[in-house]
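The following paragraphs go through a two-chain model from its overall dimensions to single residues. Please keep the sequence and the coordinates open while reading.

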Amino acid sequence: MLLIPCPWCGPRNQIEFTCGGDATVQRPANDAPIAAWFAYVYLRDNPNGPHDELWLHSGGCRSWFKLRRDTRTHDILASARIDDDLATIAGARK
Amino acid sequence: MRYSIFSLARNALRHHENWPLAWRSPAPKKCYDAVIIGGGGHGLATAYYLARDHAMTNIAVLEKGWLGGGNTGRNTTIVRSNYHLDPNAHFYEFSLKLWEGLSQDLNFNVMYSARGVLNLVHSPADMDAAMRRGNAMRLNGIDAEFLSRDEIARRIPNLECSADARFPILGGMLQPRGGTVRHDAVAWGYARAADALGVDIIQQCEVTGIRIERGAVAGVDTPLGFIGTPKIGIAVAGHSGHVAAMAGLELPIESHVLQAMVSEAVRPVLDTVVTSGAVHFYISQSDKGELVMGGDLDFYNSYAQRGNLPIVEHVAAACLALFPSFGRLRLMRTWGGTVDMTMDGSPIIAKLPVPGLYMTGGWCYGGFKATPASGWLHAHTIAHDEPHSLNAAFTLERFEQGAMIDEKGAGPYAWAH
């Protein structure tokens, strides 16, 4: 089981949460070229190791937040509020 | 040696001490006409069809672990072709036809069992979807039959068919030719048949880099040294993104964990495959007697080849809702496989943008049943440097072109398919 640290509620059982996928993709500007939109919608880094993700505390405070989790081991490395920078909290990722 | 009743009898008289090895384990040559990365069912099938149908016998299959140790050995062994969209229907039907003759083709018993795959219908909306899909299948020449609740109750006596069931059963769509196949035998059968045609199968040889010279594929780096080749086929589903990245490509794929589990072995209690979309659950009984079950992804990216308990509980709960009598059984083992989840739920069997580079991957939940057709079409694409009409739609470029093959209409969320 994953014990997920919600930045608002503290550590809770994974069944209270919904994963929302890769937190590193950035929405391009409205007039960005089609390739940038393609990359935003479809392409994913899919790292084998630390992965920055969006999670929703759907069975709790219903807030979205960021979580850094290792995809090889499922170890949870850090969490941050949605507008905080996970990188400054957990150290540079790459 | 050809396996037959005579070879069995001959070896029985010699106490089974003289069976030859089913395949060689040669040292890699300096170069090959093609290198297939991945020694699971898809990679071995690719090599077999390249050698058998395209006269390419100077080829190697490189496997980082052991044959069939990835998803080929981790699935629920179900084969079917009950798809709605034309590209998927034609592709999986081609695969099912190859399954039907595979034991004879390979001279290896893969234990294809056409025990039927039944999709349960639990609601009026389910009924509409099942009728639409069943009719689409029949228009594509695929077998589909609607069974009433009474007919299902007669055929599967331990299924909970009463009106006050937690998930009432209104009927079901049956594909009679669907069923199960012995998964390990698929890897072994393809490996033996490919080896007999001269293919070098090299285990414990992980590809660590793909070399590109003058814009085209030149070979692969491995712990056993550089291996030169003008054509590379990637068949590593679960790790497609990681291997494609060695050639500088980013894919519309996420890696997720899909769990499966078996009960303790019991006498025959279930002679068909039962699935339910409403609870997302599928179950069959293996020849050993275990009930083999599976359900959803864990819904977060993972390469760990193991999942977590909430999905095990979900699968067990779904099982008991449909088969209350199985509540006395103990769960014996659970495991997980790393699957490529694409952004539209359909595979990629295609030429990649680097000349000489090809892939079959992005299998989502459906890789095992695709094995023969995936290998056949991957081999065709490699040999002709262009896709066959059956895999022409499964390109990498379809995402950028808006030509998705989204069976569920779930949108660009890899885990939603």
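Two strands pair if DSSP finds at least two bridges between them. Helices (H or I, at least four residues) and strands (E, at least two) are DSSP runs, numbered from the N terminus. This is a predicted model, in which local features need pLDDT of at least 70, side-chain atom pairs count only at pLDDT 80 or more, and totals for chains, interfaces and linings use all residues. Residues are numbered from 1 along each chain as its sequence is written, and chains are lettered from A and ligands numbered from 1 in the order in which they are written.

In chain A, 7 bridges join strand 4 to strand 5 (residues 64-70), and the two run antiparallel.

Next comes the interface between the chains. Two residues are in contact if their C-beta atoms, placed from the backbone, lie within 7 Å. By this criterion, 19 residues of chain A are in contact with 21 residues of chain B. Strand 3 (18-22), helix 1 (34-42) and strand 4 (50-56) of chain A each supply at least two residues of the side that touches chain B. Helix 1 of chain A gives the most, with 3 residues. By class, this side of chain A has 8 nonpolar, 8 polar and 3 charged residues, where Ala, Val, Leu, Ile, Met, Phe, Trp, Tyr, Cys and Pro count as nonpolar, Asp, Glu, Lys and Arg as charged, and the others, Gly among them, as polar.

Chain B has 10 helices and 19 strands. Its radius of gyration (taken over C-alpha atoms) is 21 Å, close to the 22 Å that the globule rule gives for 417 residues, so chain B is as compact as a globular protein of that length. The globule rule is 2.2 Å times the number of residues to the power 0.38. The C-alpha trace of chain B spans about 65 × 60 × 40 Å along its principal axes. Of the 417 residues in chain B, 52% are buried. A residue is buried if 20 or more other C-beta atoms lie within 10 Å of its own, exposed if 12 or fewer, and partly exposed in between, with C-beta atoms placed from the backbone. Among contacts in chain B with a separation of 6 or more, 75% are between residues 24 or more positions apart.

How is chain B divided into domains? Its assignment gives domain 1 (5-12 + 30-77 + 183-253 + 344-416) and domain 2 (123-178 + 257-342); domain bounds come from an automatic or database domain assignment. The C-alpha centres of the two domains of chain B lie 29 Å apart. Across their boundary, 25 residues of domain 1 of chain B are in contact with 15 residues of domain 2 of chain B. The side of domain 1 that touches domain 2 divides into 10 nonpolar, 13 polar and 2 charged residues.

Chain B also has an open sheet of 3 strands, with the order 9-10-11 and antiparallel pairing. Its edge strands are strand 9 (209-213) and strand 11 (225-228) of chain B, each pairing on one side only. In chain B, 5 bridges join strand 9 to strand 10 (residues 216-222). Bridge partners in strand 10 of chain B include Ala216(B) for Glu213(B) and Gly219(B) for Arg211(B). The hairpin of strands 9 and 10 of chain B has 2 residues between the strands, and Arg214(B) takes a positive phi near 50° there.

Positive phi values also come up in loops of chain B. His280(B), which is not a glycine, has a positive phi of about 45°. His280(B) lies in the loop between strand 14 (273-276) and strand 15 (281-285) of chain B, and is partly exposed, with 15 other C-beta atoms within 10 Å. For Gln305(B), phi is near 55°, a positive value in a residue other than glycine. Gln305(B) lies in the loop between strand 16 (291-301) and helix 8 (309-322) of chain B. With 17 other C-beta atoms within 10 Å, Gln305(B) is partly exposed.
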